[in-house]
Every structure is written in C-alpha cells, then in structure tokens.
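Opening the notebook on this one.

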Amino acid sequence: MAKKYPTDKYTPRPEHHFTFGLWTVGNTGRDPFGAPVRAALSPVRIVERLADLGAYGVNLHDNDLVPIDATSSERNQIVREFKSALRATGMKVPMATTNLFGDPIFKDGAFTSNDARVRAFALQKTMHAMDLGVELGAKTYVFWGGREGTEVNASKNPVEAMKRFREALNFLCEYAISNRYKLRFALEAKPNEPRGDIFLPTSGHMLALIYTLDHPEMVGLNPEVAHEQMAGLDFAHGVAQALEAGKLFHIDLNAQKPGRFDQDLRFASEDQKGAFFLVKLLEDNAWEGMRHFDSHPYRTEDEDGVWEFAYCSMRTYLILKDRAARFSRDREIQALLRTIAKRDVLPAALGKSLKFSRALASRLKDYSFDLDRLREQGLKYERLDQLTTELLLGVR
Ligand code: GCO
Ligand code: MN
Ligand code: MN
C-alpha cells in the first residue's frame with residue numbers, strides 16, 4: 001500500500017488500535033446467489049498482512065481459527081501456529097466470540113432455541129470458545145445472537161426467549177468469574193438477517209436487558225453501524241448513549257445504505273457525514289476501545305483488493321479523525337457553537353441548575369418567561385450544517 005498511498009498523518013499504526021475480524025478480510029465473497037470468488041486466506045497470512053498494513057490486532061470466532069470438527073491435537077497445533085504468528089508480528093487478539101449461527105444445529109437459535117439440548121450445547125461451545133479467547137489474550141467477549149429469533153411467531157414464546165437469553169448470559173458470567181477470566185461481555189444487536197426477526201433488535205433493547213442480569217457490571221455493548229442503520233436509527237446517538245452509560249465495550253465499524261440487507265460495506269464508504277459524527281464522538285470523548293472493522297471487501301475483489309479494503313478502512317478513519325480535529329479548530333463553526341452554549345444559561349431568578357428542590361419548583365411555577373422571544377429566535381443550524389458539509393467536502 002505504501003506505493004499507492006503517501007506516508008502521512010493518515011498512515012495507520014498499531015497505536016491507533018485498529019482491529020479486523022478474521023472473518024472480515026477472510027470473507028471469500030460467497031453470498032446467497034453465488035459461490036466464493038476468492039480463495040480462503042489462512043489465519044496466519046491474515047495476521048502477517050494486517051501487521052504489515054499497520055493494524056493492532058485481529059479478532060475471531062472460535063471456528064474462524066479452529067474448525068468445528070477439529071480433534072484436540074489438531075486444535076492445539078493450529079493455536080500454536082497462530083500464536084507464533086502473533087508473537088512474530090506483535091499482533092494482538094483483543095476480542096473473541098463464538099460462532100453460534102453457522103452450524104445447522106443452530107438453525108432455530110442457540111441460547112433461545114426451543115430445544116434444551118441445543119441451548120446446553122451452545123453453552124458448552126461458548127465455554128470452549130471463551131477458553132480459547134482467553135488463551136489468546138482477549139479481554140472482550142462478544143455475543144451476537146444471529147439466529148436468536150424467528151420467522152414463525154407462533155414457534156417461540158418471546159417472553160420465554162428473554163428468560164433463556166438471560167439465563168445463558170448469567171451462566172457464562174459465572175463461568176468467567178469462576179475461572180478468574182478478566183473478560184468483559186459485549187452484546188451486539190441486529191434487527192434481522194439471518195433470521196426474519198432477531199430478538200433484542202437494537203442496542204437500546206440490549207442495554208435494557210443488561211440491567212436485569214446478575215452481573216450487569218460485566219456486560220456492555222458492541223454496537224454495529226450497519227445494524228442500527230438497518231433499524232433506521234442514528235448510529236452516533238445510540239453509541240453516545242452507550243458511552244454515557246459506561247457501556248460502550250466494543251464497536252463494529254462498517255457502512256450501510258438505508259433499507260437494504262446487511263451490506264457490511266467498508267467503513268465510511270456510505271454516509272460519510274454519519275461516519276464523521278461517529279469518529280468525532282469517539283475521539284472527542286477519548287474512548288479507549290478498539291477501532292474494530294466488521295465489514296467485507298466487495299465481491300468484485302481479488303486478494304489485492306482485500307488488502308486495499310483493509311488499509312483504506314483505517315486510512316479513512318484517520319482522515320475523519322483529522323476532520324474532527326479541524327472542526328474543533330474552525331473559527332466560524334466554533335463561534336456558532338458558542339452562540340448555542342450562550343443559551344445554556346438560566347435566568348438569574350431561577351439559579352444555576354434545574355436540579356429539583358422544593359424552593360426551585362415553587363420559583364419556577366411563578367416565573368414568567370418571555371415566550372415570544374423563545375418562539376422567534378432563529379438557531380442558525382442551516383449555517384452550521386453547511387459549514388460542516390464544506391469541511392467534510394474538503395473546502396474548509
Ligand atoms: C453480522 C455480524 C457479525 C458479528 C460477528 C461477531 O451481521 O454478520 O455483524 O459479523 O459481528 O459474528 O460477533
Ligand atoms: Mn458485527
Ligand atoms: Mn453485520
């Protein structure tokens with residue numbers, strides 16, 4: 001990539017903490033209508049190439065690395081080779097997860113399956129996958145319930161499904177605690193696909209569930225750009241709520257056009273303004289998590305295109321980060337923001353804050369507002385948005 005792109009402030013380096021799933025760059029382009037278009041890449045090759053490009057680490061599902069039917073000696077051999085590639089490159093595995101959707105066993109869900117044997121097997125598989133993740137150094141463990149849903153509403157009791165999902169998470173928190181694993185769990189919501197409807201369809205639903213768990217302090221969120229956009233939501237707003245609640249444990253960066261299937265496009269290849277406000281949010285708040293890409297190269301690409309995709313995911317993030325810094329330095333934008341801040345002051349008669357007291361409540365009930373003035377003021381958001389747009393389009 002060095003030849004194609006200059007070495008500059010947008011050049012990714014390990015300290016930027018960019019990570020990729022093995023399943024992302026490793027995606028072979030198979031889709032419901034067509035066969036793979038690229039050969040599978042070995043995990044060792046992925047680690048080596050991503051390290052060359054400046055990534056910090058890779059994340060994985062158990063079966064991205066170890067096939068589901070591997071014997072224990074095959075498993076150990078694979079893990080040994082993988083660890084030596086990590087050692088040689090300095091790459092890390094900050095996050096691990098379980099594939100609870102690929103095998104036909106999970107066709108009607110894992111933790112919410114109607115079949116108790118499937119639910120038990122899902123726990124068994126997850127415990128082994130947690131052991132693997134911890135062995136590789138993972139600190140975050142993601143739960144994406146891809147098959148936890150229905151096409152046929154009559155087939156599952158949705159109230160019971162919540163209880164089953166909670167029971168599984170409680171079990172696995174206890175498993176982590178009893179093994180002294182320093183893992184934090186990150187729940188990932190998605191409204192549909194591969195199921196017609198998936199339970200806990202948005203980050204907000206997930207957040208509400210967390211506070212009903214036995215160990216809410218261990219559990220947070222892994223919001224994904226595409227998944228919230230599929231639900232028609234503003235991603236940065238959802239992420240901000242998670243951040244404010246101390247629950248943003250991980251993030252899946254990608255892009256999506258509205259009203260489509262889960263496209264898993266390269267980060268910021270669509271909706272650059274939404275991506276900008278996301279990067280600005282993470283950077284302005286000095287969020288310490290990994291900048292993880294959960295996206296796929298276009299099906300038109302050969303292996304070169306895969307590495308172009310990976311490099312440019314990181315490069316675009318850094319360009320947007322630079323734009324966010326520029327936004328903070330832009331005099332005209334900052335002057336407009338100061339006029340907004342100036343309105344954030346209560347009339348002297350009301351005091352400094354709107355925190356309840358009986359005295360404030362009674363003063364407030366008697367206070368007479370200049371309502372016409374409030375009605376008539378223009379807020380200058382047209383100007384603010386145009387300046388933001390010009391900044392993003394590179395003319396500021
Ligand atoms: C998807 C999901 C997955 C998960 C991954 C890790 O829509 O396919 O986003 O990529 O993020 O399984 O849990
Ligand atoms: Mn994801
Ligand atoms: Mn996805």
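**Domain contact**

I looked up the polar contacts first: between domain 1 and domain 2 there are four residue pairs in polar contact, both residues at pLDDT 80 or more. A polar contact here is a pair of N or O atoms within 3.5 Å; within protein, one must be able to donate a hydrogen and the other to accept it, and residues adjacent in sequence count only if both atoms are side-chain atoms.

Ground rules for myself: this is a predicted model, where local features need pLDDT of at least 70 and side-chain atom pairs count only at pLDDT 80 or more, while totals for chains, interfaces and linings use all residues. Residues are numbered from 1 along each chain as its sequence is written, chains are lettered from A and ligands numbered from 1 in the order in which they are written, and side-chain values use heavy atoms, with hydrogens and water left out.

I checked the bounds next: domain 1 is 14–329 and domain 2 is 331–392, from an automatic or database domain assignment. Their C-alpha centres are 40 Å apart. Nine residues from domain 1 and nine residues from domain 2 make the contact (heavy atoms within 4.5 Å).

The buried area came out at about 780 Å², with 68% from carbon and sulfur atoms; that is accessible area (1.4 Å probe) lost by the two parts on being put together, summed over both. On the domain 1 side, K273, R323 and F327 lose the most area, together 64% of what that side buries.

K273 turned up again: its side chain forms a salt bridge with D385 (2.9 Å, N to O). The count between the domains is one salt bridge, defined as a side-chain nitrogen of Lys or Arg within 4 Å of a carboxyl oxygen of Asp or Glu.

**Ligand 1**

For the side chain of E224, an N or O atom is 2.7 Å from an oxygen of ligand 1, and for H227 I noted 3.0 Å.

Most residues other than glycine have a negative phi, and most peptide bonds are trans, so I looked for exceptions. The E193 to P194 peptide bond is cis, omega near 10°. R180, not a glycine, has a positive phi near 55°.
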